[in-house]
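Trainee: Could you take me through one part of this model in detail? I'd like a close look at the aromatic pairs.

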Amino acid sequence: MIKVGDSLPDVTLQEYVEVEGNGCSIGPNPVKVSEAAAGKTIALFALPGAFTPTCSAKHVPGYIEKFDELKARGVDEIWCVSVNDAHVMGAWARDQQSHGKVRMLADGSAEFTKATGLTLDLTGRGMGLRSTRYSMLVKDGKVATLNVEAPGKFEVSDAATMLSQLQS
(Lines give C-alpha, C1' and ligand atoms only; values in the text may rest on other atoms or scores of the structure.)
Protein backbone atom coordinates (compact mmCIF):
# COMPACT_ATOMS: atom_id res chain seq x y z
CA MET A 1 0.00 0.00 0.00
CA ILE A 2 1.19 3.51 -0.78
CA LYS A 3 2.46 5.39 2.25
CA VAL A 4 3.60 8.85 3.32
CA GLY A 5 6.76 9.77 1.41
CA ASP A 6 5.93 7.65 -1.64
CA SER A 7 5.46 9.14 -5.09
CA LEU A 8 2.08 8.89 -6.77
CA PRO A 9 1.84 6.10 -9.35
CA ASP A 10 3.12 7.16 -12.76
CA VAL A 11 -0.04 6.32 -14.68
CA THR A 12 -2.48 8.19 -16.89
CA LEU A 13 -5.98 9.04 -15.71
CA GLN A 14 -8.76 10.51 -17.86
CA GLU A 15 -10.67 13.73 -17.36
CA TYR A 16 -13.82 14.61 -19.26
CA VAL A 17 -13.56 18.18 -20.56
CA GLU A 18 -16.78 20.08 -21.33
CA VAL A 19 -15.26 23.11 -23.05
CA GLU A 20 -12.41 23.06 -25.54
CA GLY A 21 -9.36 25.12 -24.63
CA ASN A 22 -5.80 25.17 -23.24
CA GLY A 23 -4.81 22.23 -25.41
CA CYS A 24 -7.77 20.13 -24.23
CA SER A 25 -10.39 18.84 -26.61
CA ILE A 26 -14.01 18.23 -25.65
CA GLY A 27 -14.42 14.74 -24.21
CA PRO A 28 -11.97 12.48 -22.39
CA ASN A 29 -8.44 13.88 -22.10
CA PRO A 30 -5.41 12.08 -20.67
CA VAL A 31 -3.95 13.32 -17.40
CA LYS A 32 -0.45 11.98 -16.78
CA VAL A 33 -0.32 11.91 -12.99
CA SER A 34 3.40 12.60 -12.61
CA GLU A 35 3.21 15.67 -14.85
CA ALA A 36 -0.09 16.97 -13.45
CA ALA A 37 1.13 16.73 -9.84
CA ALA A 38 4.60 18.21 -10.38
CA GLY A 39 5.19 21.34 -8.33
CA LYS A 40 1.64 21.38 -6.91
CA THR A 41 -0.06 20.75 -3.60
CA ILE A 42 -3.06 18.52 -4.23
CA ALA A 43 -5.87 17.38 -1.98
CA LEU A 44 -6.65 14.01 -3.56
CA PHE A 45 -9.53 11.83 -2.49
CA ALA A 46 -10.71 8.55 -3.89
CA LEU A 47 -13.96 6.72 -3.49
CA PRO A 48 -15.74 3.54 -4.58
CA GLY A 49 -17.90 5.02 -7.33
CA ALA A 50 -19.61 7.88 -9.06
CA PHE A 51 -23.27 8.42 -8.22
CA THR A 52 -23.07 6.14 -5.16
CA PRO A 53 -24.86 7.37 -1.99
CA THR A 54 -22.06 8.48 0.37
CA CYS A 55 -19.85 9.63 -2.48
CA SER A 56 -22.56 11.85 -3.99
CA ALA A 57 -24.22 13.06 -0.80
CA LYS A 58 -21.15 13.70 1.38
CA HIS A 59 -17.69 13.09 -0.06
CA VAL A 60 -17.66 15.26 -3.21
CA PRO A 61 -19.98 17.97 -1.79
CA GLY A 62 -17.67 18.37 1.23
CA TYR A 63 -14.67 19.15 -0.96
CA ILE A 64 -16.71 21.55 -3.10
CA GLU A 65 -17.95 23.29 0.06
CA LYS A 66 -14.42 23.58 1.53
CA PHE A 67 -12.81 24.60 -1.79
CA ASP A 68 -12.04 28.20 -0.78
CA GLU A 69 -10.67 27.19 2.63
CA LEU A 70 -8.46 24.48 1.12
CA LYS A 71 -7.13 26.94 -1.48
CA ALA A 72 -6.44 29.48 1.29
CA ARG A 73 -4.36 26.82 3.08
CA GLY A 74 -2.14 26.23 0.05
CA VAL A 75 -3.96 23.57 -1.96
CA ASP A 76 -3.50 24.19 -5.68
CA GLU A 77 -5.95 21.55 -6.92
CA ILE A 78 -8.48 19.05 -5.59
CA TRP A 79 -8.68 15.69 -7.34
CA CYS A 80 -11.41 13.08 -7.05
CA VAL A 81 -10.32 9.66 -8.35
CA SER A 82 -12.77 6.84 -8.99
CA VAL A 83 -12.74 3.57 -10.92
CA ASN A 84 -15.25 4.76 -13.50
CA ASP A 85 -14.85 5.78 -17.13
CA ALA A 86 -14.33 9.41 -18.13
CA HIS A 87 -17.86 9.78 -19.51
CA VAL A 88 -19.38 8.74 -16.18
CA MET A 89 -17.02 11.04 -14.27
CA GLY A 90 -17.95 13.89 -16.64
CA ALA A 91 -21.66 13.33 -16.06
CA TRP A 92 -21.07 13.13 -12.31
CA ALA A 93 -19.07 16.38 -12.41
CA ARG A 94 -22.04 18.08 -14.09
CA ASP A 95 -24.41 16.60 -11.51
CA GLN A 96 -22.21 17.68 -8.59
CA GLN A 97 -21.42 21.09 -10.16
CA SER A 98 -17.74 20.53 -9.40
CA HIS A 99 -16.32 22.37 -12.44
CA GLY A 100 -13.51 24.72 -11.45
CA LYS A 101 -13.27 23.22 -7.98
CA VAL A 102 -12.76 19.45 -8.07
CA ARG A 103 -11.09 17.64 -10.95
CA MET A 104 -13.06 14.44 -11.53
CA LEU A 105 -10.45 11.95 -12.71
CA ALA A 106 -11.39 8.59 -14.15
CA ASP A 107 -9.32 5.51 -13.32
CA GLY A 108 -11.29 3.34 -15.73
CA SER A 109 -9.00 0.32 -15.67
CA ALA A 110 -8.07 0.78 -11.99
CA GLU A 111 -4.38 1.25 -12.85
CA PHE A 112 -3.92 4.07 -10.34
CA THR A 113 -5.95 2.24 -7.70
CA LYS A 114 -4.04 -1.03 -8.11
CA ALA A 115 -0.70 0.81 -8.05
CA THR A 116 -1.60 2.47 -4.73
CA GLY A 117 -2.65 -0.86 -3.25
CA LEU A 118 -5.92 0.73 -2.12
CA THR A 119 -8.33 -1.58 -3.92
CA LEU A 120 -11.77 -2.63 -2.77
CA ASP A 121 -13.33 -5.76 -4.24
CA LEU A 122 -17.05 -5.14 -4.68
CA THR A 123 -17.58 -8.03 -7.09
CA GLY A 124 -20.15 -9.54 -4.72
CA ARG A 125 -22.21 -6.36 -5.09
CA GLY A 126 -21.90 -6.31 -8.88
CA MET A 127 -19.40 -3.44 -8.96
CA GLY A 128 -16.12 -5.27 -9.56
CA LEU A 129 -12.77 -3.90 -8.41
CA ARG A 130 -13.06 -0.37 -7.00
CA SER A 131 -11.06 2.04 -4.87
CA THR A 132 -11.03 2.12 -1.12
CA ARG A 133 -12.30 5.43 0.26
CA TYR A 134 -9.33 7.59 1.26
CA SER A 135 -7.76 11.02 1.03
CA MET A 136 -4.19 12.19 0.76
CA LEU A 137 -2.36 15.46 0.65
CA VAL A 138 0.17 15.37 -2.18
CA LYS A 139 3.08 17.78 -2.44
CA ASP A 140 5.09 17.80 -5.67
CA GLY A 141 3.93 14.28 -6.50
CA LYS A 142 4.71 12.78 -3.07
CA VAL A 143 2.24 11.69 -0.41
CA ALA A 144 2.42 14.03 2.61
CA THR A 145 -0.60 12.67 4.53
CA LEU A 146 -2.78 9.59 3.97
CA ASN A 147 -6.20 8.94 5.50
CA VAL A 148 -7.63 5.50 4.70
CA GLU A 149 -11.18 4.68 5.74
CA ALA A 150 -12.15 1.45 7.44
CA PRO A 151 -14.61 -0.61 5.35
CA GLY A 152 -18.00 1.05 5.16
CA LYS A 153 -16.84 4.17 7.02
CA PHE A 154 -16.65 7.87 6.16
CA GLU A 155 -14.74 9.43 9.04
CA VAL A 156 -11.20 10.44 7.99
CA SER A 157 -11.19 11.10 4.23
CA ASP A 158 -13.56 14.06 4.32
CA ALA A 159 -12.68 17.65 3.47
CA ALA A 160 -12.90 18.81 7.10
CA THR A 161 -10.20 16.31 8.13
CA MET A 162 -7.99 17.41 5.23
CA LEU A 163 -8.48 21.03 6.22
CA SER A 164 -7.58 20.31 9.86
CA GLN A 165 -4.38 18.56 8.74
CA LEU A 166 -3.44 21.62 6.69
CA GLN A 167 -3.99 23.87 9.73
CA SER A 168 -1.80 21.83 12.05
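**Aromatic pairs**

Mentor: The count comes to two aromatic pairs, where rings of Phe, Tyr and Trp (its six-membered ring) pair if their centres lie within 6.5 Å, and planes under 30 degrees apart count as stacked, over 60 as edge-to-face and the rest as tilted. Phe 45 and Tyr 63 make a stacked pair, with 4.1 Å centre to centre and 5° between the planes. Phe 45 sits in strand S3 (residues 41-47) and Tyr 63 in helix H2, so this pair ties together parts 18 residues apart in sequence. Helices (H or I, at least four residues) and strands (E, at least two) are DSSP runs, numbered from the N terminus. Both Phe 45 and Tyr 63 are buried, meaning under 20% relative accessible area, with exposed over 50% and partly exposed in between (1.4 Å probe, protein chains only).

Then there's Phe 51 with Trp 92: the ring centres are 6.2 Å apart and the planes at 45°, so that pair is tilted. Phe 51 is in the loop between S3 and H2, Trp 92 is in helix H4 (residues 86-96), and the pair links these distant parts of the chain, 41 residues apart. Phe 51 has 44% relative accessibility and counts as partly exposed, whereas Trp 92, at 0%, counts as buried.

Some housekeeping: this is a predicted model, where local features need pLDDT of at least 70, side-chain atom pairs count only at pLDDT 80 or more, and totals for chains, interfaces and linings use all residues. Residues are numbered from 1 along each chain as its sequence is written, and side-chain values use heavy atoms, with hydrogens and water left out.
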